Amino acid sequence: DLELHLQRCQQLSVTVLTDHQDLSTTELKTITNSTAPQQYRIRAKLRTYKPQKLHQSVKLHCSKCNSLQEVPDRDDFDFILHGSASTAPNPELHNTSWYESVTWTTQEQKQREIAIHFVKHDEMLQHPEDTLIMIEGGTLKEIGKLTKRFKCVVPVRSTEDDLELLDLSAPFLLKGNVKYYGCKQCSTPKPMKNLSSIAAEQQPSWEPTEIAQVLGVELLQYVFIMKFTLVDETASLNAYLFDY
């Protein structure tokens, strides 16, 4: 557990970074006055680290524009889903050559219309574990149940002409326990009919990178980021950890 490890490090008088054993130790003052990139071995104390809670270290990174953003929470996704549910599924977009549609109305007091579109392969439905589905009007709980059964779930809404992705503040794709997000700045979302090119492949893999590409989405990557402030008798140094 990294958080516990860091707390222990703070309790020690000196933390030794054991990499580069072939190098002699260098004072932090020398490092701060040097030009990068260079390799050093240091002997220093950990003064502080951020963020304090480990889960806050996970961010979303766009490799195209190099932006970083927070991972949206469940409430953000839920809010977007509720907004999209106010638009009823367009029956003219149901049962096309490449997907089969099922609709129903919920029995709750504030009735919702839900549509699920099962993408076909060779004009046939595949096993659930191989199938990508698109859902309109679903709740977070309903989508969660579907991700356990089907390979990929894409939340969508109806327009007059086609199905489209929701606001990119929401995940554009859910696969198992993983939510995939797109960069708002770098993406140019395309209608869902572009997925038909993957469905026509000999063995559709439904890989997130391929789905993102055909839908015009610049895929964001989960990254792990931390900042450490290290000190010795001569200076302090901020060290950043950035890793996929």
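This is a predicted model: local features need pLDDT of at least 70, side-chain atom pairs count only at pLDDT 80 or more; totals for chains, interfaces and linings use all residues.
1. On the overall layout, the protein chain is divided into domain 1, made of 20–62 and 218–243, and domain 2, made of 74–180 and 192–216. The C-alpha centres of domain 1 and domain 2 lie 42 Å apart. An unreviewed UniProt entry carries the annotation "domain: Protection of telomeres protein 1 C-terminal insertion" for residues 75–218; in the model this span is 22% helix and 24% strand, and its end C-alpha atoms are separated by 23 Å.

2. The largest nonpolar core has 26 residues, and the members that touch the most others are Leu132, Met134, Phe172, Met192, Leu195, Trp206 and Ile211. At least two residues of this core come from each of strand S7 (132–136), strand S8 (152–158), strand S9 (163–165), helix H5 (196–199) and helix H6 (208–214). There is also a second, separate core of 16 residues, which includes Ile114, Phe118, Ile133 and Val153.

3. Trp206 deserves a paragraph to itself. This residue sits in the loop between H5 and H6, and its phi is near 55 degrees, a positive value in a residue other than glycine. At 1% relative accessibility Trp206 counts as buried, and, once neighbours within four places in sequence are set aside, its contacts include Val119, Gln126, Asp130, Leu132, Cys152 and Lys175, together with Leu195, Ile198, Ala199 and Ile211.

4. Asp122 lies in the loop between S6 and S7 and is exposed, with a relative accessible area of 63%, whereas Trp206 is buried.

5. Helix H4 (residues 140–149) has Leu140, Ile143, Leu146 and Thr147 as its buried residues. Seen down the axis of H4, these buried residues fall within an arc of 120 degrees, so they line one face of the helix. As a general point, an α-helix has 3.6 residues a turn, so residues three or four places apart point the same way. The face of H4 turned away from the buried side carries the exposed residues Lys141, Lys145, Lys148 and Arg149, while the cover over the buried residues includes helix H3 (74–85), strand S6 (113–119), S7, S8 and strand S10 (173–175).

6. Strand S6, part of that cover, is itself mostly covered, with six of its seven residues buried. Strand S5 (residues 99–105) pairs with S6 in the antiparallel sense over seven bridges, and Tyr99 stands opposite Val119 in S6. S6 and S7 also run antiparallel, joined by four bridges, with Phe118 standing opposite Ile133 in S7; Phe118 and Ile133 are both among the members of the second core.

7. The bond from Ala36 to Pro37 is cis, with omega near -5 degrees, and Pro37 is found in the loop between helix H2 (28–32) and strand S2 (43–50). A cis peptide bond also joins Lys50 and Pro51, where omega is about -5 degrees, and Pro51 is found in the loop between S2 and strand S3 (58–61).

Key. Residues are numbered from 1 along each chain as its sequence is written. Side-chain values use heavy atoms; hydrogens and water are left out. A nonpolar core is a set of buried Ala, Val, Leu, Ile, Met, Phe, Trp, Tyr and Cys residues joined through side-chain atoms within 4.5 Å. Buried means under 20% relative accessible area, exposed over 50%, partly exposed in between (1.4 Å probe, protein chains only). Contact means heavy atoms within 4.5 Å. The arc is that of the directions from the helix axis to the C-beta atoms. UniProt positions are given in the numbering used here, feature names are shortened, and annotations may be inferred rather than shown by experiment. Two strands pair if DSSP finds at least two bridges between them. Domain bounds come from an automatic or database domain assignment.
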